[in-house]
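Take a look at the structure below.

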Amino acid sequence: MIFATVSLPLASNFSLAKIAAYTIFGGIGFVAFIYGKKNTSWRPMVIGVALMAYPYFVSGTLAVYLTGIVLTAALYFWRS
């Protein structure tokens with residue numbers, strides 16, 4: 001009898017550093033989105049959504065941190 005094994009390839013790619021980055025930058029993105037929504041400013045809303053969504057598309061730990069830092073800096077410098 002042959003048993004099929006189910007493996008989760010993405011589960012092995014998680015590390016504490018990545019989870020911390022997802023939480024930190026996702027929280028910053030959520031706050032930026034809410035701030036932009038309350039002040040009817042589209043710039044913080046767009047960057048906030050980008051900060052919350054980019055970890056789904058970036059895989060490396062260093063890339064996750066660098067992208068988050070760049071987007072957070074854009075949120076700071078690209079304000080109205």
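Valine 64 touches Ala21, Tyr22, Phe25, Tyr54 and Val58, leaving aside residues up to four places away in sequence. A contact here means heavy atoms within 4.5 Å. This is a predicted model, in which local features need pLDDT of at least 70, side-chain atom pairs count only at pLDDT 80 or more, and totals for chains, interfaces and linings use all residues. Residues are numbered from 1 along each chain as its sequence is written, and side-chain values use heavy atoms, without hydrogens and water.

Val64 belongs to the largest nonpolar core. That core has eight residues: Ala21, Phe25, Ile47, Leu51, Tyr54, Val58, Val64 and Leu71. Such a core is a set of buried Ala, Val, Leu, Ile, Met, Phe, Trp, Tyr and Cys residues joined through side-chain atoms within 4.5 Å. Buried means under 20% relative accessible area, with a 1.4 Å probe and protein chains only. Nonpolar side chains tend to be buried together in soluble globular proteins.

Now turn to helix 2. Its buried residues are Pro44, Ile47, Gly48 and Leu51. They cover an arc of only 105° around the axis, so they lie on the same side of helix 2. The arc is taken from the directions from the helix axis to the C-beta atoms. The buried residues of helix 2 pack against helix 1 and helix 3.

How do helix 2 and helix 3 meet, and at what angle do their axes cross? Pro44, Ile47, Ala50 and Leu51 in helix 2 meet Gly68, Leu71, Thr72, Ala74 and Leu75 in helix 3. The two axes come within 10 Å and cross at roughly 170°. Helix 2 and helix 3 are therefore roughly antiparallel (over 145 degrees).

How values were computed
Buried means under 20% relative accessible area, exposed over 50%, partly exposed in between (1.4 Å probe, protein chains only). Helices (H or I, at least four residues) and strands (E, at least two) are DSSP runs, numbered from the N terminus. Axes are lines fitted to C-alpha atoms, for helices over the stretch in contact, and angles run from 0 to 180 degrees between N-to-C directions. Angles under 35 degrees count as roughly parallel, over 145 as roughly antiparallel, 65 to 115 as roughly perpendicular and the rest as oblique.
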